[in-house]
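Look at the fold below before reading on. This report walks through its surface, its charged pairs, its backbone and its core.

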Amino acid sequence: MFSSNFWKLSSSFLSFLEKLLVAYWRSLLLLLIGVCLPMLVFEELALVVLQNQGGLPWDETLLLAVHKIAQPQLDVFAATLTKFGVFWGVFPVATVISLVLLRLKKWRSLAYLLTTLLGSILINRTAKLLLHRVRPNLWESISPEFDYAFPSGHAMSSMTLIAALVILTWNSNWCWLVLAVGSVFVLAIGWTRIYLGVHFPSDILAGWMVSIAWSIGVCLLIQPHLTKPSTIPEDELTVDEEESIAQG
């Protein structure tokens, strides 16, 4: 009898597990590709940094290769463009979008955007303090930085904003435009940090990876695209009602 009950329970559990995987396979795949894999890359980079503060073998090579194209006009361009990675670009854009979401009472989208951006700042500052990686010193930078290097704050802030905007505009006509323009912006900011000699390439890569993982991870938790009945205003929707809607 025990054996019979055991197999019945096992069969029931496997049936439940199958239904669960069928229902949530997209979220699980996103969790694997969008969160786990980027975090594994970040972890590997962080371990190498802890063991070798001077940088990875390819860090110095890439820095010197980029520095070969240095010229006065490009210096001014890079020094100006890099400021858009935080205070001149990311911060004002994030502020405007937050105010728009607030005005439209898009509470869930606003909560996602603010949590993602503020969490990214906290992650960056914590990682810098824990890893204590000094900045490269291969030449005198025209735009020097004096805090720790790993991971790059400019790379993280730009990637976090663009990743969040791609997620917020997903399945809309704006998504591909945001992805195209945002990709150019993220790559350009990363290039300025290397060109100016204030970051190792691995600092940039680490910032991108942890930002992608964080943005997607927060999305899976907050679910900014959670559907709701059109007859219920978003500001009157309770947590229990949203959960019941999410469950179908």
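Which residues make a nonpolar surface patch of about 830 Å²? They are Phe 13, Leu 14, Phe 16, Leu 17, Leu 20, Leu 21, Tyr 24, Leu 28 and Leu 31. Patches are made of residues with over 30% relative accessible area and no salt bridge; like charges are joined within 9 Å, and nonpolar side chains (Val, Leu, Ile, Met, Phe, Trp, Tyr) within 5 Å. Accessible areas come from the Shrake-Rupley method with a 1.4 Å probe, and for residues only the protein chains shown count as cover.

The model is predicted: local features need pLDDT of at least 70, side-chain atom pairs count only at pLDDT 80 or more, and totals for chains, interfaces and linings use all residues. Residues are numbered from 1 along each chain as its sequence is written, and side-chain values use heavy atoms, with hydrogens and water left out.

**The patch and its helix**

Leu 14 sits in helix α1, residues 2–51. Helices (H or I, at least four residues) and strands (E, at least two) are DSSP runs, numbered from the N terminus. Leu 14 has a relative accessible area of 52%, so it counts as exposed. The cut-offs are simple: buried means under 20% relative accessible area, exposed means over 50%, and partly exposed lies in between (1.4 Å probe, protein chains only).

In general, nonpolar side chains tend to be buried together in soluble globular proteins.

**Charged pairs**

How many salt bridges does a search of the whole structure find? The count is 5. A salt bridge is a side-chain nitrogen of Lys or Arg within 4 Å of a carboxyl oxygen of Asp or Glu. Side chains of opposite charge can pair when their charged atoms come close. The table shows some of these bridges.

| Asp 59 | Arg 133 | 3.1 Å |

Start with the salt bridge between Asp 59 and Arg 133. This pair links distant parts of the chain, 74 residues apart. Asp 59 is in helix α2 (residues 57–67), while Arg 133 is in the loop between α5 (107–131) and α6 (153–168). Is Asp 59 buried or exposed? Asp 59 is buried, because its relative accessible area is 0%. Arg 133 is also buried, at 0%.

Asp 147 is partly exposed, since its relative accessibility is 29%. Arg 125 is partly exposed too, at 39%.

Arg 135 is buried, with a relative accessible area of 13%. Elsewhere, salt bridges that share partners join Asp 59, Arg 133 and Asp 203 into one network.

**Backbone exceptions**

Most residues other than glycine have a negative phi, and most peptide bonds are trans. Which peptide bond is cis? The bond from Phe 150 to Pro 151 is cis, with omega near -5 degrees. Pro 151 is in the loop between α5 and α6.

Lys 105 is not a glycine, yet it has a positive phi of about 60 degrees. Lys 105 is in the loop between α4 (90–103) and α5. Gln 223 has a positive phi of about 55 degrees and is not a glycine either. Gln 223 is in the loop between α8 (201–222) and α9 (239–246).

**The core**

How many residues does the largest nonpolar core have? It has 48. A nonpolar core is a set of buried Ala, Val, Leu, Ile, Met, Phe, Trp, Tyr and Cys residues joined through side-chain atoms within 4.5 Å. Residues with the most contacts inside this core include Phe 42, Tyr 112 and Trp 208. Elements that give two or more residues to the core are α1, α2, α3 (72–81), α4, α5, α6, α7 and α8.

Leaving aside neighbours within four places in sequence, Tyr 112 is in contact (heavy atoms within 4.5 Å) with residues including Ala 163, Ile 167, Val 218 and Pro 224.
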